[in-house]
Amino acid sequence: MTSATIPSSATTTRARAQQTPQPARRRRPMTPGRIVALVILAILAVMWLIPVVWAAITSFKTEGEAAAFPITLLPENGWVLDAYITTLSAGLVPRWAWNSLLTASAVTIITVVISALAGYALSRFDFAGSKALLAVVIASIMIPGQILIVPLFQQMLTFNMVDTYWGVILPQVIAAPMVFILKKFFDQIPRALEEAALVDGASRLRILMQIVLPLSRPILGAVSIFVFIGAWNNFLWPFIVINRSELMTLPVGLQTVISAYGIQYAANMAQAVLAALPLIVLFMFFQRQIIKSISTTGIAGT
Amino acid sequence: MSATPVRARGSATPAPSAMREGLRLRRRAENLRGWLYCSPFLFFFVLFLVWPTISGLIMSFTGRTLTGANTGWVGVENYAEAFADPEVWSSLGNTLWFTVLSSIPLVVIALALAVLVNVGLPGQWFWRLSFFLPYLLASTVISLFWTWLYNPQLGLLNTMIGWVGIEPIQWLNDENWAMHGVVIATVWWTIGFNFLLYLAALQAIPDQLYEAASLDGAGTWRKFTSITLPQLAPTTVLVVVLQILASLKIFDQIYQMTGGGPAGATRPILQYVYEAGFTGYRLGYASAISYIFFAIIIVISVVYTVAISRRSVKP
């Protein structure tokens with residue numbers, strides 16, 4: 001998560017430079033075509049937001065009202081915080097949130113560090129076997145991690161990692177697409193910058209840390225966020241490797257509550273809101289950088 | 001270590017043999033450095049991807065169970081059993097059917113949403129957030145939302161279609177509707193990722209192309225089909241490939257929304273792998289099913305790649 005602190009003078013000026021043509025586009029007059037687009041877009045946005053908004057509203061109802069028939073759109077007995085209080089005071093939800101934060105952060109940090117090192121080597125060092133290595137890494141994208149659950153679980157038994165944080169974290173840190181994306185980004189950074197530093201006697205690692213990585217902040221931010229979202233929301237692997245409730249991540253823990261007690265609408269919706277909030281805040285802060293980095297690095301157009 | 005190349009380059013009077021020697025040392029240092037930088041990644045790559053891939057394959061030829069008993073070699077017995085197992089075929093069929101049903105809207109609607117947002121209406125951040133927001137939610141959360149929206153009595157969806165006089169639909173309890181219910185929820189949930197890829201690609205198309213087309217008198221639709229779509233072709237190739245791979249791996253939301261029911265109508269192959277291995281304790285058999293599935297994924301990918309490269313060879 002540390003690498004998600006993106007905005008620096010370098011990135012913002014670059015972002016601004018790329019945006020210059022946009023204000024002109026934005027201020028175009030409202031032609032009939034644009035009004036139609038606006039209406040369609042508004043209808044679709046409402047469709048996409050209804051489930052979320054309704055869940056958020058329901059989390060402020062009493063349990064009785066949330067389960068009442070016919071359904072009410074707004075809380076008629078007033079907006080209450082009962083669901084949040086129950087969720088946060090009793091049960092393991094705060095603990096699960098902590099587990100999720102811890103494991104997702106660890107996955108993100110380890111993934112970004114090892115992928116950046118490998119991506120840098122593949123981009124800059126002309127070493128024997130580098131082409132073959134890159135080919136193997138790209139080919140491995142084809143292996144769906146989910147089919148490996150059985151041998152991975154067996155391996156975790158051998159390593160005594162069942163029911164541990166490491167058991168959740170370590171198998172999630174290999175992200176071949178991220179190595180490839182970072183390599184492609186590093187390829188675009190002019191070598192002249194590094195050559196000057198090399199002549200001055202700077203080590204390769206120092207060049208990576210002080211020149212290449214600072215220039216790569218937008219892509220590091222985007223990679224970090226996608227890895228973090230993936231790890232925070234991952235269900236199948238933590239579900240398999242964790243059995244003790246205190247060690248469960250939020251998605252797995254919530255699933256056990258729901259299957260054990262049935263759906264308690266207001267409480268579950270409060271839990272859902274609490275589970276989603278950190279990611280929504282994260283995305284709102286960084287959405288512009290994410291889109292910028294996707295478009296400038298060619299993730300979208302190989 | 002990294003000072004070596006600089007010094008080698010700077011040395012004043014290199015005798016030919018010393019130069020060759022220096023070059024060789026430099027090469028060796030470069031090789032070492034390359035593998036050193038890759039080693040942390042490679043360590044995990046081998047440990048948690050290459051090795052399980054191999055050990056899973058080996059396991060699929062054994063009678064291994066979760067309790068560790070009966071680990072003997074059984075040859076292709078597991079595979080023979082899997083091919084004769086109707087559950088394998090039906091769950092595989094469900095997975096492929098889900099992939100077809102979900103991939104098409106997830107590509108087409110994502111493109112439409114991105115094009116609409118890219119028109120440049122005010123409130124860009126709001127549109128982006130609206131369509132990307134569900135992607136940020138965990139499968140548990142979206143399954144909770146949708147089981148509740150689909151609830152025959154309390155569900156918002158049936159309430160809303162009731163307003164226009166449609167009879168309530170048993171979205172998740174009716175064999176004919178359950179898969180569609182899961183697909184709708186999945187499209188809603190995951191479209192944000194493809195939407196973002198398309199949006200980024202659209203923003204990278206140079207404005208000059210459109211300006212030139214306008215001067216030539218091209219209309220909106222003409223510009224879309226002659227500029228936008230061709231410019232987006234590489235993105236579409238990528239989006240389709242990622243989408244098919246993602247859809248084939250369906251498990252989370254189905255497991256949580258329907259549990260694979262009603263009557264196995266939505267059960268995907270990964271759920272069958274999970275059940276065979278972790279509730280049926282037959283790791284060897286579960287591995288064999290995994291590898292059959294893996295082989296099918298490879299075939300689909302190869303067919304797709306060949307089809308794409310064929311098409312791009314044509315002028």
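**View 1. The salt bridge between D126(A) and R27(B) in the predicted model.** D126(A) pairs with R27(B) in a salt bridge (a Lys or Arg side-chain nitrogen within 4 Å of a carboxyl oxygen of Asp or Glu), the closest N and O atoms lying 4.0 Å apart. The count of salt bridges between chain B and chain A is 1. This is a predicted model, in which local features need pLDDT of at least 70 and side-chain atom pairs count only at pLDDT 80 or more, whereas totals for chains, interfaces and linings use all residues. Residues are numbered from 1 along each chain as its sequence is written, chains are lettered from A in the order in which they are written, and side-chain values use heavy atoms, without hydrogens and water.

**View 2. The interface of chain B and chain A.** About 9400 Å² is buried between the two chains, 78% of it on carbon and sulfur atoms, buried area being the accessible area (1.4 Å probe) that two parts lose on being put together, summed over both. Y37(B), F41(B) and W148(B) supply 9% of the area that chain B buries against chain A, more than any other three residues. The contact (heavy atoms within 4.5 Å) takes 107 residues from chain A and 98 residues from chain B.

**View 3. Packing of α3(A) with α6(B).** P51(A), V52(A), W54(A), A55(A) and T58(A) of α3(A) make the contact with F145(B), W146(B), W148(B) and L149(B) of α6(B).

Notes
Axes fitted to C-alpha atoms, helices over the stretch in contact; angles between N-to-C directions. Helix = DSSP H or I, 4+ residues; strand = E, 2+ residues; numbered from the N terminus.
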